[in-house]
Amino acid sequence: MNEAASDENFLDCPVASVQKIVRGKWSMVILYFLSQRVLRFGELNRKMPMVTQAYLTKELRLLEDYGLVHRKVYPQVPPKVEYSLTPLGEKFLPVLQALEKFAVDYQDEQAD
């Protein structure tokens, strides 16, 4: 191991910056569902019945703050809100697809 590598710390690790973005318990699941299509809050909530509305709102706001999710509000009564991936969120899709493949492979191996 070279000396420069041994001097690295957590803050120098490029994965650490991504970890803070997807650290939420449901962040990657939300990104997965939004990778399939644009969803309204209620649709997303029904896909994740074990998540409270408050927690789903919190996760969506964080993903929006990090620039991965776009929230579009239609000016109507009752309000209509749709969530979709931003261009930055779409750049995360290959990572998500690799994780999905790993998850399937892992489940297959555990079943053996």
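## Salt bridges

E43 has a relative accessible area of 23%, so it is partly exposed (buried being under 20%, exposed over 50% and partly exposed in between, with a 1.4 Å probe and protein chains only). The model is predicted, with local features needing pLDDT of at least 70 and side-chain atom pairs pLDDT 80 or more, while totals for chains, interfaces and linings use all residues. Residues are numbered from 1 along each chain as its sequence is written, and side-chain values use heavy atoms, without hydrogens or water.

E43 pairs with R37 in a salt bridge at 3.6 Å, N to O (a side-chain nitrogen of Lys or Arg within 4 Å of a carboxyl oxygen of Asp or Glu), and R37 is partly exposed at 43%. The count by this rule is three salt bridges. In another, K80 meets E82 at 3.7 Å; K80 is partly exposed at 22%, whereas E82, at 19%, is buried. K101 and D105 approach to 2.8 Å between their closest N and O atoms, and both lie in helix 7, four residues apart, about one turn of the helix. K101 is exposed at 52%, and D105 is partly exposed at 34%.

## The loop residue T86

T86 sits in the loop between strand 3 (80–85) and helix 6 (87–91) (helices, H or I of at least four residues, and strands, E of at least two, are DSSP runs numbered from the N terminus). With a relative accessible area of 14%, T86 is buried, and a polar atom of its side chain lies 2.4 Å from the backbone oxygen of G67.

Terms used:
Polar contact = N/O pair within 3.5 Å; in protein donor to acceptor, adjacent residues only side chain to side chain.
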